[in-house]
Amino acid sequence: MAAPSLHSSNLTSFPTSHAMTKNVLSILSLFFLVLYPSFAMATSANTFGENTQGIKYDLFPEILKEEAVARLNELGKVSDANDYLERTFQSPASIRAGNLLRAWMEDAGLKTWVDQMGNVHGRADGINPSEKALLIGSHLDTVIDAGYFDGSLGIICAISALKALNATRRLDKLRRPVEVIAFSDEEGVRFQSTFLGSAAIAGLLPVSALQIHDKNGVTVKGALGASSIETTEENLLQLKYEPESVWGYVEVHIEQGPVLETVGLPLGLVKGIAGQTRLKVTVRGTQGHAGTVPMNMRQDPMVAAAELIVFLESLCKQPDYYLSYDGQCASSTVESLAGSLVCTVGEISSWPSASNVIPGQVTFTVDVRAMDDTGREAIIYEFSNRLYHMCDRRSVFCNVERKHDANAVVCDPGLSTELKSASHAALKRITGEDPGDVPVLMSGAGHDAMAMSHLTKVGMLFVRCRGGISHSPAEHVLDDDIWAAGMAVLTFLETLL
């Protein structure tokens, strides 16, 4: 292939009023290309920035912005529903989306395959295929009535960055392998079991997961078999990557919150992912007629549940008051909760549900998240303790079940420093201005990085989304922010050259 051309606009400015000067520039351009091939330009690019040495380089708007945006829009139309986006584990749309991603990976110069859990892989071996690999990934499945960016953005940014390296003949110069993984399931919509894809890679998924069934009675194994993927207990266990073969894991994801939009920056570094506990609270009282049971004789589970929910809000808004008062944890733990604790009642139901009946039973869910696992446990202890006292006072029966637990994940400091530096450099490359300090955020939502942290060190970048809205058709990321995210991944990958 002919060497990419370098125009005078790609170099430090020189006088160009004489033909001799133009000839000198041409000679210097060729000389520069020979000495610095890693900075070769793609022939189709026409937008440039400048690094700290004053060397001009390509900003790849066609790949990192225009094509990436087009691909996200195309992927967003791959759905199992006609009127909204729905793409669940091994559904027909999921298979089509996987095929699209695989084709785009191959277009970027990656060798591809699909594993026994439906994860789509694309790998560049680099100079030394036996070196520990950098994994970059996110999920290709969606919630019901989803937006276009949750999960998909991280996959597309990674593919685009590697394509930019391939376009400048640098892909095979990576010092270690780089592998993009589009995980088959993170949301857990179909089988009510999150992280099927990444948990298999990390070695966390038990073989019993193959027998989990959806609402139609189809098992995970059956869903894979319908897609011509024959998964056995043996080859499921073989999916696990050995820690000695992996250098680290990086994930780019929309923020799903309003902080970056508030501070006016497109990228933020994730310092950690909050630990999470889900509870199911059952309150039982005495069912009765709404018009005939006197107020002072009622054992009303609805009113008791309302009191509990209001107390939960107070506890999570002012943990320092309740926990300090009872001496449940150290001051440092209480302080950490003040910056990360969130508590939510997401579901509530009563039986019987009628306007003229005092219900006999009320159930509601509690979701507690915090970066400090000890603090999260202290909150749950305090809530449960107060709950039983309140229920005794109201003469109702209460029960608390723990339905889900996941410990907090702290992102690797070294990897985070590199990602923060890459983000800063990427924004400066695109805008030509110093963007200031890259914000550091906590993730309250779960991500594949939680599962992958059991395999290797992890790092994450957040991308600004409009209004902080996610899991909704209103989910939106600006085209320029997609460009910034892709440039950040590319800048990070360039440190591996």
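Helices and strands here are DSSP runs, numbered from the N terminus. The model is a predicted one.

Two helices come first. Two packed helices are described by the angle between their axes and the distance between the axes. Helix α4 covers residues 152-167 and helix α15 covers residues 479-494; they pack at an angle of about 55°, with axes 8 Å apart. That angle makes α4 oblique to α15, because angles under 35 degrees count as roughly parallel and those from 65 to 115 as roughly perpendicular. The crossing of the two helices, α4 and α15, is right-handed. On the α4 side, the contact involves L153, C157, A158, A161, L162, A164 and L165. These meet I482, A485, G486, V489, L490, L493 and E494 of α15. Sorted by class, the contact of α4 with α15 has 12 nonpolar residues, one polar and one charged.

The backbone is the next topic. Most residues other than glycine have a negative phi, and most peptide bonds are trans. D145 is not a glycine, yet has a positive phi of about 60°. D145 sits in the loop between β5 (133-139) and α4. Its relative accessibility is 34%, so D145 counts as partly exposed.

F60, also not a glycine, has a positive phi of about 50°. The loop that holds F60 runs between β2 (56-58) and α2 (61-76). With a relative accessible area of 3%, F60 is buried, because buried means under 20%.

The remaining feature concerns a peptide bond. W351 and P352 are joined by a cis peptide bond, with omega about -15°. P352 lies in the loop between β12 (348-351) and β13 (357-358).

Technical notes. Residues are numbered from 1 along each chain as its sequence is written. This is a predicted model: local features need pLDDT of at least 70, side-chain atom pairs count only at pLDDT 80 or more; totals for chains, interfaces and linings use all residues. Side-chain values use heavy atoms; hydrogens and water are left out. Axes are lines fitted to C-alpha atoms, for helices over the stretch in contact, and angles run from 0 to 180 degrees between N-to-C directions. Helices (H or I, at least four residues) and strands (E, at least two) are DSSP runs, numbered from the N terminus. Angles under 35 degrees count as roughly parallel, over 145 as roughly antiparallel, 65 to 115 as roughly perpendicular and the rest as oblique. A crossing is left-handed if the near helix is turned anticlockwise from the far one by less than a right angle, and right-handed if clockwise. Contact means heavy atoms within 4.5 Å. Ala, Val, Leu, Ile, Met, Phe, Trp, Tyr, Cys and Pro count as nonpolar, Asp, Glu, Lys and Arg as charged, and the others, Gly among them, as polar. Buried means under 20% relative accessible area, exposed over 50%, partly exposed in between (1.4 Å probe, protein chains only).
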